[in-house]
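Trainee: I have a structure to go through. Can we start with the charged pairs?
Mentor: Fine, here it is.
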Amino acid sequence: VPVSRIRNFCIIAHIDHGKSTLADRLLQTTGTVQAREMKEQFLDNMDLERERGITIKLQAARMNYTAADGEQYVLNLIDTPGHVDFSYEVSRSLAACEGALLVVDASQGVEAQTLANVYLALNHNLEIIPVLNKIDLPGAEPERVKSEIEEIIGLDCSGAILASAKEGVGINEILESIVHLVPPPSDTVAQPLRALIFDSYYDSYRGVVVYFRVMDGTVKKGDRIRLMATGKECQIDELGVLSPTQVQLEELHAGEVGYLAAAIKAVGDARVGDTFTLVNAPATEALPGYTEAKPMVFCGLFPTDADQYPDLREALEKLRLNDAALNYEPETSSAMGFGFRCGFLGLLHMEIVQERLEREYNLDLITTAPSVVYRVTTIKGEVLYIDNPSHLPDPQYRDKIEEPYVKVEMITPEEYVGTLMELCQNRRGIFTDIKYLTQGRTTLTYELPLAEVVTDFFDQMKSRTRGYASMEYQVIGYRENTLVKLDIMINGDPVDALAMIVHRDKAYNVGRAMAEKLKELIPRHQFKVPIQAAIGSKVIASEQIPALRKDVLAKCYGGDISRKKKLLQKQAKGKKRMKSVGTVDVPQEAFMAVLRLD
Ligand code: GTP
């Protein structure tokens, strides 16, 4: 097909507003897949994604569509992940498109995550087509939602399409709008090859499979290509399009979207956002916008059983083949033994990795509380990035500590504004803006330390608003604060894995709450276990776990044997997620105690 008849677009939608349903409909209506093949389909196909109802990885689909003007068009749908942790990947897939469908649930309205992605799309100069989905629902209020979109985003909604992805309403209109409103790619076939990688995954037979958009020039099977950011060179073994399963082709030219395999060993060698060009006739400059994914949140991962350390290392290596954003380094903790310090894009990314390690690799892990990266300037003027609180230099060596701040945008029904403001104030937030929209919906903007957001802020926001609020955040830079290291001592020994960095004004409360919480969580032993929280050498809180008085089995003495067995089993099970710190058994929950203080 000529470039003038290609349309590249993506769908921007909040979770549950119907992106996958609409994508499936488009595939079906264009005959790309048959209805009966649909079931396990298509756009999100990882188990975890399915369970959590979110789209994590990007994919693409090529559709052939004969428009009302009688011409054949190629429509490439490029999927975007729906979560802030992956906003860099979103920006790369937007960069591969000329247009976007903005899908908003007509019974709900605009949500915070939608906003973030629409702003990204506007930055990329995409043509945005508003679609009000779920108009079949009795609660649908398309007119209200239209004015909401106009008010918040400033997007003209007079031509917005009313649709029901579920019942197939408005689908043809959407296809026609894509053809008529989304501009075709520019015709740069004559230029040297430049293609943008917007996703990749690891396949054990073919190596990394790369999804890309050809921006300029032509790429052929057998070509030797160079990945411009990593400098790697390789030969294309396989090339094709996603329709939506992989179909091999001999060549792809500017404007087209496809996949390739070239015996690339790890996704880290073909990173999202990188440009590839021809080794023989290279482009001089890479496409703009490439950055390496930067981990924002760190935690320690330790096997409960030290024998599993090699298995954990192997599992992390395997996950990293497929996840260039996952970052890890060996860590030795005096309390926990050998493990890894891992960096993640955000909390969701962290949870996904932990879950996969436990489920797919059968590991029993102790996870330490998440930490952000602090920027410390020493008295000698050195700048250190500290991702592990126990590595914070002592006060006499520090000139200042800075911490990352984020701008948080929340959208909520008006009645919850008070409780959300209170939450933000408690988390050292700085109020920046409030806007009242139609029907009592409100946008609220705060600047907050990222450290206060990674500890259960999202859960608190959801529970305070009965699930009605949505949020989105964006890093805005480092700011200096009076921060101190809070050490926790169990039975007289400082436990490095429990050390944390807190604001001086909160240190006493956090220290006291931590000591109380640990007293609750750590089981009794044969001896007394003192727990202390300290700043430097100054103890600010202490508690004591009394010694066990009776043998647990004494109760059942002479009792029936099965009960005794059960009790022993229960103990054994409880033991599984324990780590011995000195002579004290500390359960997994204790390492996460900081997340449950209020
Ligand atoms: P993520 O993949 O989690 O981002 O969600 P999504 O935006 O892809 O939403 P999905 O397509 O999975 O739809 C969410 C729910 O809304 C599902 O239960 C769909 O059946 C339902 N749904 C989608 N479109 C419509 C519609 O037009 N009308 C009605 N009534 N329900 C719809």
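Mentor: A salt bridge here is a side-chain nitrogen of Lys or Arg within 4 Å of a carboxyl oxygen of Asp or Glu. This is a predicted model, where local features need pLDDT of at least 70 and side-chain atom pairs count only at pLDDT 80 or more, while totals for chains, interfaces and linings use all residues. Residues are numbered from 1 along each chain as its sequence is written, and side-chain values use heavy atoms, leaving out hydrogens and water.
Trainee: How many salt bridges does the count come to?
Mentor: The count comes to 32. One of them joins K485 and D487, at 3.7 Å from N to O.
Trainee: Are K485 and D487 buried or exposed?
Mentor: Both K485 and D487 are buried, meaning under 20% relative accessible area, with exposed over 50% and partly exposed in between (1.4 Å probe, protein chains only).
Trainee: And what does R194 pair with?
Mentor: R194 forms a salt bridge with D216, 2.8 Å from N to O. R194 lies in strand β7 (residues 194-203) and D216 in strand β8 (residues 207-216), so the pair ties together parts 22 residues apart in sequence. Strands (E, at least two residues) and helices (H or I, at least four) are DSSP runs, numbered from the N terminus.
Trainee: Which residues are linked in a network?
Mentor: E111, E141, R144, E148 and R441 are, through salt bridges.
Trainee: Changing topic, how many helices and strands are there?
Mentor: The protein chain has 14 helices and 33 strands.
Trainee: And what share of the residues is buried?
Mentor: Of the 598 residues, 55% count as buried.
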